[in-house]
Amino acid sequence: MDTRAFKRSLQQSENYHRRGFGHKEEVAGAMNSAYQSSLIQEIRESDYTLQRGDVTIRLAEAFGFCWGVERAVAIAYEARTHFPSQTIWITNEIIHNPSVNQHLRDMEVQFIAVNKGQKDFSGIESGDVVILPAFGATVAEMQLLKGKGCTIVDTTCPWVSKVWNSVEKHKKKDCTSIVHGKYKHEETLATSSFAGTYLIVLNLEEAEYVANYILYGGDKEEFLAKFSKACSAGFDPDRDLERIGIANQTTMLKSETEQMGKLFERTMMKKYGPDKLNEHFLAFNTICDATQERQDAMLNLVEEKLDLMLVIGGFNSSNTSHLQEISIERGIPSYWIDSPDRISSDNRIEHKRLSGEIEIEENWLPDGRIVVGVTSGASTPDKAVEDSIEKILELKAVLV
Ligand code: SF4
């Protein structure tokens, strides 16, 4: 299908909104009291440092809500004000943060139910308002909602739309889109729905496997089994890897996306020669600034002498997992929590390991002087960071 034409027709429809509704001032108060923090502001103004008793908190110089998330949440709040009596739905979590999603539930925004892995849109009726989250929605979902006669409030981050434009360009040039991402992630699902032929590659190891297949061929059945859930229907590695373009899930580790881009560029150059590179390889810079800034700030922070690191962000937040990866790679004891409630008053913390398990650590805060590095993912409000820091300070006061 011509996804570009569909998107254009959707955007021209009077039932489609992708900007606010002019209620910024009205919703600012509610947003500030729910998500802002005066303590965090104070720490920012004190060189990102807080010193209390035995505890030194070092905050990353870029963390928390990115503008794309702030924009999406503000548009959702405005939609509630603008459509006070209509039923409002959202196709997914607006962002990966439990407290923000709970606030929307409290405002009677309904989340589409998921049954056996499938979204159930049956409750939506013509005239209902449906919000699309910051990481977008698939073409099929948008078609369905348009067909039902819904009012669509699209909060998709412009950086995500930029990636969609890139895969459209790949399609136009008959290139397969190689997407650096997680095939189950909502953003990557949406991106691949705009692509023609695509292959989703999770990490450098997978990328090297694909690059070797391009250069030397290989076992086609093994290839297809390996990427069975991560490629377009009818994908043929012998046919569909002759012309490729690179795209990414905006929240992947920037260094890895860059390395992957270079790997495929070298691969195509080796296979087809430098003078033919442009016929076989396309790349656009679609790494979002916010992800990049948070990762760079984290890389700076882990250079310091930290006793431990606290990483705050939704457990299904991709950009938060990459922040956690950085401190684990440096060998720093690092705890990933999705809410301050994971820290209990008996010096226990319930945290998520990179492998996915939720674990409880007893006595996670050591005795004596400690330096704690703190950062948070792009979907995490400052308020959650403040509450987490306060819990650390309370615990240390008790321990002292
Ligand atoms: S992390 Fe980047 S792409 Fe994602 S919502 Fe924020 S600004 Fe947009």
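Where is E108 found? E108 sits in the loop between α5 and β5 (109-111). The model shown in these views is predicted.

**View 1. The whole chain, with 16 helices and 19 strands.**
The radius of gyration of the chain is 23 Å, close to the 21 Å given by the globule rule for 400 residues, so the chain is as compact as a globular protein of that length. Along the principal axes, the C-alpha atoms fill a box of roughly 65 × 55 × 40 Å. Of the 400 residues, 45% count as buried. Take the contacts in the chain with a separation of 6 or more: 73% of them come from residues 24 or more positions apart.

**View 2. Helix α1 against helix α6.**
Helix α1 covers residues 3-12, and helix α6 covers residues 139-147. Their axes come within 11 Å and cross at roughly 40 degrees. That angle makes α1 oblique to α6. The crossing is left-handed. On the α1 side, the residues of the contact are T3, F6 and L10. They meet V139, M142, Q143 and K146 in α6. By class, this contact has four nonpolar, two polar and one charged residues.

**View 3. Helix α2 against helix α4.**
Helix α2 (residues 24-35) packs on helix α4 (residues 67-82) at an angle of about 115 degrees. The two axes are 9 Å apart. Angles of 65 to 115 degrees count as roughly perpendicular, so α2 is roughly perpendicular to α4. The crossing of this pair is right-handed. From α2 come K24, E26, V27, A30 and M31. From α4 come V73, A74, Y77, E78 and T81. The residues of the contact divide into six nonpolar, one polar and three charged.

**View 4. N101, a buried residue of helix α5.**
Helix α5 spans residues 98-106 and holds N101. Why does N101 count as buried? N101 has 20 C-beta neighbours inside 10 Å, and a residue is buried if that number is 20 or more. Leaving aside neighbours within four places in sequence, N101 is in contact with E93 and I94. V73, one of the α4 residues that meet α2, is 28 residues from N101 in sequence. In space, N101 and V73 are 9.4 Å apart, C-alpha to C-alpha.

**View 5**
With 9 C-beta neighbours inside 10 Å, E108 counts as exposed. The loop holding K116 runs between β6 (113-115) and β7 (118-120). Is K116 buried or exposed? K116 is exposed, with 5 other C-beta atoms within 10 Å.

**View 6. E362 in strand β18.**
Strand β18 covers residues 358-362 and includes E362. E362 counts as exposed, because it has 8 C-beta neighbours inside 10 Å and 12 or fewer is the limit for that class. How far apart in space are E362 and N347, C-alpha to C-alpha? The distance between E362 and N347 is 6.3 Å, and they are 15 residues apart in sequence.

How values were computed. Residues numbered from 1 in each chain as written. Predicted model: local features only at pLDDT ≥ 70, side-chain atom pairs only at ≥ 80, totals over all residues. Helix = DSSP H or I, 4+ residues; strand = E, 2+ residues; numbered from the N terminus. Rg over C-alpha atoms; globule rule 2.2 N^0.38 Å. Contact = placed C-beta atoms within 7 Å. Axes fitted to C-alpha atoms, helices over the stretch in contact; angles between N-to-C directions. Parallel < 35°, antiparallel > 145°, perpendicular 65-115°, else oblique. Left-handed = near helix turned anticlockwise from the far one by under 90°. Nonpolar A, V, L, I, M, F, W, Y, C, P; charged D, E, K, R; others polar.
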